[in-house]
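Subject: Structure for you to look at

Hello,

Here is the structure I said I would pass on. Please open it next to this email and follow along; my notes come after it.

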Amino acid sequence: MNVLIVLAHPEPMSFNGAMFETAVATLRAAGHTVATSDLYRMGFDPASSRRNFTSVKDPDYLKLQIEELHATEVGGFAPEVEAEIAKIEAADLMIWQFPLWWFGLPGILKGWVDRVFAMGRTYGLGHIYDTGVFRGKCALLSLTTGGPGESYTADGFNGDIEAILRPIQRGMLEFTGFQVLPAHIIYGPVRADSGQREAWLVAWAERLRTIEHESPMTVGRY
Ligand SMILES: Cc1cc2nc3c(=O)[nH]c(=O)nc-3n(C[C@H](O)[C@H](O)[C@H](O)COP(=O)(O)OP(=O)(O)OC[C@H]3O[C@@H](n4cnc5c(N)ncnc54)[C@H](O)[C@@H]3O)c2cc1C
């Protein structure tokens, strides 16, 4: 498989950094081709603006989706956006590695989606959900939390993690045609001891060694 791993963490020595390095090494050792987008180290600009484009449809009023459709037609995406779209297009499996921040994606990853999931090229024109542009590809969220696992159940004080992840898994991934593999969630790595953290890295590598045989999950609607 061609695998794209996107990392959104400001500290390379973080547990998210270790999960990322484990994934890259394990998947390469298993014979897969791995591309990466380490967003902080790339200095990726998450703010969507005219800088997304080299082309201009309407110089007087910026309507991003109109400019995205135009850029799709004329090949007018800025090089840093084009490069990320091309990585997704080449991937059979996309993994996002991130810490849960405010019940969602870190801003740099949300901004990557804002800029890279462009209308025309990645969705729209009748291509959403089951007819999505990226159908045939799989995606997997690999995330860490601060809160413990029992707080992320339907009765827990944070609520059901599946519901928290649905805007990402349904509204971004399934919307653009990806099939979603069950999320890999490490609850509270900060409070764990180093032995537990090492065991989590081993379990992550074990899962990845046979990831191509996994079946997608049903994300469900809102
Ligand atoms: C803005 C913001 C919003 C947040 N919102 C939420 C929220 O909504 N919900 C929630 O639950 N939490 C929230 N948090 C907490 C956050 O999700 C956690 O702090 C984060 O997920 C922990 O992961 P980390 O990679 O940053 O851990 P780190 O603190 O980087 O790592 C944990 C430990 O693992 C160690 N480690 C690193 N590499 C290895 C290795 N190879 N082997 C063994 N140990 C290793 C590190 O040294 C460290 O001791 C928020 C935090 C911030 C900053």
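F134 is buried, with a relative accessible area of 1%; buried means under 20%, exposed over 50% and partly exposed in between, using a 1.4 Å probe and protein chains only. Two points on how to read this: the model is predicted, so local features need pLDDT of at least 70 and side-chain atom pairs count only at pLDDT 80 or more, while totals for chains, interfaces and linings use all residues. Residues are numbered from 1 along each chain as its sequence is written, and side-chain values use heavy atoms, with hydrogens and water left out.

Aromatic rings

A pair of aromatic rings is described by the distance of the centres and the angle of the planes. Rings of Phe, Tyr and Trp (its six-membered ring) pair if their centres lie within 6.5 Å; planes under 30 degrees apart are stacked, over 60 edge-to-face, and the rest tilted. The count under this rule is eleven aromatic pairs.

One of them is W96 with F117, a tilted pair at 6.3 Å centre to centre and 55° between the planes. W96 sits in strand β3 (residues 93-99) and F117 in the loop between α5 (107-116) and β4, so this pair ties together parts 21 residues apart in sequence. Helices (H or I, at least four residues) and strands (E, at least two) are DSSP runs, numbered from the N terminus. W96 is buried at 0% relative accessible area, and F117 is buried at 7%.

F134 and F178 also form a tilted pair, with 5.1 Å between centres and 45° between planes. F134 is in the loop between α5 and β4, and F178 is in the loop between α6 (161-174) and β5 (179-180), 44 residues apart. F178 counts as buried, at 4% relative accessibility. W96, W112, F117, F134 and F178 form one aromatic cluster.

The ligand

Which residues come nearest to the ligand? Of the 20 around it, they are H9, N16, W102, T144 and Y152; a residue is near if one of its heavy atoms lies within 4 Å. The shell around the ligand divides into twelve nonpolar residues, seven polar and one charged. α1 (15-29), β4 (138-145) and α7 (194-209) each supply at least two residues of this shell, and α1 gives the most, with three.

An oxygen atom of the ligand lies 2.5 Å from an N or O atom in the side chain of T144. A ligand nitrogen atom is 3.0 Å from an N or O atom in the side chain of R197.

Regards

Technical notes:
A polar contact is a pair of N or O atoms within 3.5 Å; within protein, one must be able to donate a hydrogen and the other to accept it, and residues adjacent in sequence count only if both atoms are side-chain atoms. Ala, Val, Leu, Ile, Met, Phe, Trp, Tyr, Cys and Pro count as nonpolar, Asp, Glu, Lys and Arg as charged, and the others, Gly among them, as polar.
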